[in-house]
Amino acid sequence: VTILIHKKGNIDEVSNWRPIALSNTLGKLYSSCMAARMTDWCVRNNRLSRAQKGFLKFEGCLEHNFELQSIIQDARRRRLTAVIAWLDLKNAFGSVSHDVIMECLRWAGLGDASIDIIQRLYDGCTTRIRS
């Protein structure tokens, strides 16, 4: 069951509501443990980009902010122009198909048994919006 909690603004606009999923506790615990193990595996086996900072145990945003501040300060000190681009992937995970996720897990070298478990977590999942 998914419930919607109003954040701000016009109540008639769906973007002003935050969805909260009320799902099975055992399933959430299992998924959480699996996510932690997969993250540890990815870190140990160098499967993540150096640019990946979200969803990790350390505070990556601080590292990115420090890097950005250093670039700006260096450009000012040396009287150079710094060009900075922001990339915001709004709801990036929610827009990727499950087939693509499974293929990326295979490409990264995750074993078939682990991929099968993840696939079964997705299969048959549904939600109802309580309004």
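**Salt bridges, a buried loop residue and a domain interface**

In this predicted model, the side chains of Asp74 and Arg77 meet in a salt bridge at 3.6 Å, N to O, where a salt bridge is a side-chain nitrogen of Lys or Arg within 4 Å of a carboxyl oxygen of Asp or Glu. Residues are numbered from 1 along each chain as its sequence is written, and side-chain values use heavy atoms, with hydrogens and water left out. Because the model is predicted, local features need pLDDT of at least 70 and side-chain atom pairs count only at pLDDT 80 or more, whereas totals for chains, interfaces and linings use all residues.

**Salt bridges**

- The structure holds four salt bridges, and Asp74, Arg77 and Arg78 are linked in a network of them.
- Asp74 and Arg77 are three residues apart in helix 2 (residues 60-77), and are therefore separated by about one helical turn; helices (H or I, at least four residues) and strands (E, at least two) are DSSP runs, numbered from the N terminus.
- The side chain of Asp74 also meets that of Arg78 in a salt bridge, at 3.2 Å from N to O.
- Asp74 is partly exposed, with a relative accessible area of 27%, while Arg77 counts as exposed at 61% and Arg78 counts as exposed at 53%; on this scale buried means under 20% relative accessible area, exposed over 50%, and partly exposed in between, with a 1.4 Å probe and protein chains only.
- Another salt bridge joins the side chains of Glu103 and Arg106 at 3.8 Å, N to O, and both residues lie in helix 3 (residues 98-108), three residues apart, about one turn of the helix.
- Glu103 is partly exposed at 49% relative accessibility, and Arg106 is likewise partly exposed, at 42%.

**Asn16 in its loop**

- Asn16 is found in the loop between strand 1 (2-6) and strand 2 (17-21), and at 12% relative accessibility Asn16 counts as buried.
- Leaving aside residues up to four places away in sequence, Asn16 touches Ile5, His6, Lys7, Lys8, Gly9 and Asn10, contact being taken as heavy atoms within 4.5 Å.

**Domain 1 against domain 2**

- The protein is divided into domain 1 (1-48), domain 2 (51-87) and domain 3 (90-123), with bounds that come from an automatic or database domain assignment.
- Taken over C-alpha atoms, the centres of domain 1 and domain 2 are separated by 27 Å, and their contact takes four residues from domain 1 and four residues from domain 2.
- The area buried between domain 1 and domain 2 is about 250 Å², of which carbon and sulfur atoms give 71%; buried area here is the accessible area (1.4 Å probe) that two parts lose on being put together, summed over both.
- Thr39, Asp40 and Leu48 supply 91% of the area that domain 1 buries against domain 2, more than any other three residues.
- Across the interface of domain 1 and domain 2 the rule finds zero salt bridges.
- The residues on the side of domain 1 that touches domain 2 divide into two nonpolar, one polar and one charged, where Ala, Val, Leu, Ile, Met, Phe, Trp, Tyr, Cys and Pro count as nonpolar, Asp, Glu, Lys and Arg as charged, and the others, Gly among them, as polar.
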